[in-house]
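Let's take a walk through a protein model together, ring by ring and pocket by pocket. Have the 3D view open as you read.

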Amino acid sequence: MENKIEGDQPADTGGIQLQTRRAWLADAVELLSSMRFAISLLTLIAIASVIGTVLVQNDPMPNYVNKFGPFWFEIYSKLSLYAVYSAWWFLLIMTFLVISTSLCLVRNAPKMIKDMRSWRDNVREQSLRNFHHRSEWQSSNGRGKVTEQILAHLARVGYRFKLVEKEGATLIAAKQGAANKWGYIFAHSAIVIICIGGLLDSELPIRFQKWFMGKVAYDGAGLISKIPEQHRLSLANPTFRGNAMIPEGASSSTAILPQADGVLIQDLPFTIKVKKFTIDFYSKGMPKLYSSDVEVIDHETGKTFSALIKVNEPLNYKGIAIYQSSFEDGGTRLKIKSYPMLGPDTTTQEMSGIMKESTPLALGNDNDFTIEWSDFRPFNVENMVANGGDANPAKTANPDQSLNEKIMAKLDKHLGSAAKNADSKDFKNVGPSVQYKLRDKTGQAREFHNYMQPILIDGDYMILSGTRDAPNEAFRYLRIPADDEDSIREWMRLRAAVQNPELRALAATRFAEHAMKLNQGGDADRKAVWATSSKISLEVFAGDGNSSGFSAISKKLEKAPQAEQAKLAANLISILNSSMWELWMVAREKDGLPVLAHDEKHDRFLQLAIGSISDAGFYGAPVYLQLTGFEEVKATVLQITRSPGKNIVYLGSLLLVLGVFSMFYIRERRLWVWVRDAGAGAHTLMALSSQRKTLDFEKEFEQLKLHLHQLTSQTG
């Protein structure tokens, strides 16, 4: 016989690997469906929601650059914090939450349903004696009679029960509030349903089209009808949320969907024509009611119908909801008068503009600008009490201030906010205003906000012109006093005269002549001194290109000895005030106008004008643009949405309410009553259990024990 030597048998590595994979899968399912994982996801969602609430979402990107700076802007942009709720990581968290809650339901819901159906009738008499809430008593009635009495009472108090015959005994298994477990199922199902509805209404479908269907955002300009197909979404797009700004009398068949890198155009199955836009205001200027009277033309059927869209009263058609969102200027036509703000030029220019468009401004010497009209308001309601205060800068100055601080205090009085907060309020309509940007040929822009009519401030009528360098800054207002005709012409005349050397020299001579008369004569040298002092004060006030106004005077006086500065300042300001009057009158004579009466009214105007001209050195524009007329065109802003997940979210919300109610207000109770023969009578053992031990449960147990004891003790 041949001997065979068997070598080592190979290990069953395939089976081990399969078991390992199954164990890994089981661990993954266990983790995903665990409570700690779900709580972690909810914590991340809560943090994301806080970020989305604190940080304004979907603003224009330049606003974020201005607010955070280039460095942090890039970091926040990489994290998609400017559109948190459509960020890839937020959608991923929501997806994991759906998976986690679904797995939890799949694992636990069958057990709960089985437990709700179960009567738990396999208990033994001895196990019932281990319950904390139990009671035993003896009855003279037989087992059948006792059982009948107990069942009748349980039916009265709302228990469902099952009768199980044991050897020499009867077990009554009863339950109440088993629907409590439906609360768990409803609440967890609601989370899944709401998340699915939210994902359906999110930007996820649009992102899929951008990822796999070649759709890209459009970042250019031009007519919507000319935008290429790759930037447009078809009528089959399942979900979107966009806006349409439509002026009165105009129409639109598209919605604009803002994206981080531009916009997408959503084609609509109908055209919306705005026949009339209506807006009402409260007395304080806040919008009270606005609505759009529209006409809808169906592209497929040609059907036309009218509708009125109000706030919170949308129009629903073909699964698309049209909401009244807000309103904008629809292209108001402006009439503008341009005044020079530099040099001795007094030439004005009539021009026109259209809101949201640009107007070229050529000033000669290759000094060209572009006016970008950004906002128009037909009226402005301001708190006029907040603008109150003492108009005399001398009364507001601190006597301990340095000379420079005293002079510069005048600037704060004139160059400030047009409306400041105050406890008392007196709201008044101060008329129309226009807002625009003045952009030079290098692309640098400064923004302005000009009121059309004079506004009563500190007892004087002032024409306000606001300026700022960046959108995140508040406007600082140049306050220009209105003349006898409530216009800006006299101030402009005086401003130009300050920059005219010939008129300054003539005004200095006039000042010297009047000074000689007031001092009852004097020699030629004395007159020359007066003329020189006047000429110097006017020249210093006019500026040297680096500084002008009170700032230039302050710098000039700083060169004098400290002990003499106060006296020199008082003399210089006195000479300046008188010289400015002469300069004003000289300028009027040059333009063929009569000399004005030197009275308190005109002195007050001159005082305000001197301060305002000093402030004008900070204005930062070569021209002042005054609004002289307008033809208003209003535009409605409609939010147009298709939300297939809306009804799903409503269903989820209903289930969530039912689930929470069931879990908190329905208490599950299990009752067992063991009745066995005991001689001629019966022995009864009762046990009651509940998931939550409350004072109500203790009271119910005592009442149930008392009633059953009394019933089974009765004979009959």
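What follows looks at aromatic rings and then at pockets.

This is a predicted model, in which local features need pLDDT of at least 70, side-chain atom pairs count only at pLDDT 80 or more, and totals for chains, interfaces and linings use all residues. Residues are numbered from 1 along each chain as its sequence is written, and side-chain values use heavy atoms, with hydrogens and water left out.

Let's start with the rings. Rings of Phe, Tyr and Trp (its six-membered ring) pair if their centres lie within 6.5 Å; planes under 30 degrees apart count as stacked, over 60 as edge-to-face and the rest as tilted. By that rule, there are 31 aromatic pairs. Take Phe277 and Phe327: their pair is tilted, at 6.0 Å centre to centre with 40° between the planes. Phe277 sits in strand 7 (residues 262–281) and Phe327 in strand 11 (residues 320–329), so this pair ties together parts 50 residues apart in sequence. Strands (E, at least two residues) and helices (H or I, at least four) are DSSP runs, numbered from the N terminus.

How hidden are these two? Buried means under 20% relative accessible area, exposed over 50%, and partly exposed in between (1.4 Å probe, protein chains only). Phe277 is buried at 2%, whereas Phe327 is partly exposed at 30%.

Another tilted pair is Phe448 with Tyr619, at 5.2 Å centre to centre and 50° between the planes. Phe448 is in strand 20 (residues 445–451), while Tyr619 is in the loop between helix 16 (600–615) and strand 24 (623–631), 171 residues apart. Both Phe448 and Tyr619 are buried.

Now for the pockets. On a 1 Å grid over the protein atoms alone, a pocket is an open set of points with protein on both sides within 12 Å along at least five of seven lines; lining residues have an atom within 4 Å of a point. A volume is the space filled by probe spheres set on the points, which are joined across faces, edges and corners.

The largest pocket holds about 980 Å³. It has 26 lining residues, and the closest to its centre are Met61, Pro258, Gln259, Ala260 and Gly262. Helix 3 (61–78), helix 8 (204–212), strand 6 (251–259) and strand 7 each give two or more residues to this lining.

The second largest pocket comes to about 700 Å³. Here 29 residues form the lining, and Phe327 turns up again, among the closest to the centre along with Phe281, Phe376, Arg377 and Phe379.

How values were computed
On a 1 Å grid over the protein atoms alone, a cavity is a set of points where a 1.4 Å probe fits but cannot get out, and a pocket is an open set with protein on both sides within 12 Å along at least five of seven lines; lining residues have an atom within 4 Å of a point.
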